[in-house]
Amino acid sequence: MALGSEQRRAERKPRIEGLFAGRQVEAALDLLHLMDMAWHDCYGPRELEVPPAVLDDVLLLAEGDLAALIVVAREAVIDFRDVRVAADARRATGR
């Protein structure tokens with residue numbers, strides 16, 4: 001079932017609050033909304049949002065840093081496989 005952007009934002013908010021500093025939460029959520037729109041443009045029409053596994057990889061690599069989130073989100077939309085490889089390496093090393 002497709003979710004609306006506001007519902008997706010509300011569902012993501014607790015997770016983002018746990019990862020980003022208070023003042024950055026809304027900006028991070030805004031960026032994820034833009035990422036969803038870019039994802040839909042690149043991979044649509046059925047892909048309405050970033051897949052959960054890709055979002056997990058992006059948030060892992062961003063490490064709670066808004067500037068890093070911007071870079072990694074862009075990379076994921078361009079080619080999520082590169083982000084997957086980097087996230088898998090991070091998980092393997094525990095770093």
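**Exercise 1. Determine in which element Ala28 is found and whether Ala28 is buried or exposed.**

Step 1. Ala28 is found in helix H2; helices (H or I, at least four residues) and strands (E, at least two) are DSSP runs, numbered from the N terminus. The model is predicted: local features need pLDDT of at least 70, side-chain atom pairs count only at pLDDT 80 or more, and totals for chains, interfaces and linings use all residues. Residues are numbered from 1 along each chain as its sequence is written, and side-chain values use heavy atoms, with hydrogens and water left out.

Step 2. Ala28 has a relative accessible area of 0% and is therefore buried. Buried means under 20% relative accessible area, exposed over 50%, and partly exposed in between (1.4 Å probe, protein chains only).

Step 3. With neighbours within four places in sequence left aside, Ala28 is in contact with Ile16, Phe20, Leu66 and Leu69. Contact means heavy atoms within 4.5 Å.

Step 4. From C-alpha to C-alpha, Ala28 and Ile70 are 8.6 Å apart in space, and 42 residues separate them in sequence.

**Exercise 2. Identify the buried residues of helix H3 and the helices included in what covers them.**

Step 1. Helix H3 spans residues 52-62, and its buried residues are Val54, Leu55, Asp57, Val58, Leu59, Leu61 and Ala62.

Step 2. Their cover includes helix H1 (5-19), helix H2 (25-43) and helix H4 (66-93).

**Exercise 3. Describe the backbone at Glu63 and at Pro45.**

Step 1. Glu63 lies in the loop between H3 and H4. Its phi is near 50 degrees, a positive value in a residue other than glycine.

Step 2. Glu63 counts as exposed because its relative accessibility is 53%.

Step 3. Pro45 lies in the loop between H2 and H3. The peptide bond from Gly44 to Pro45 is cis, with omega near 10 degrees.
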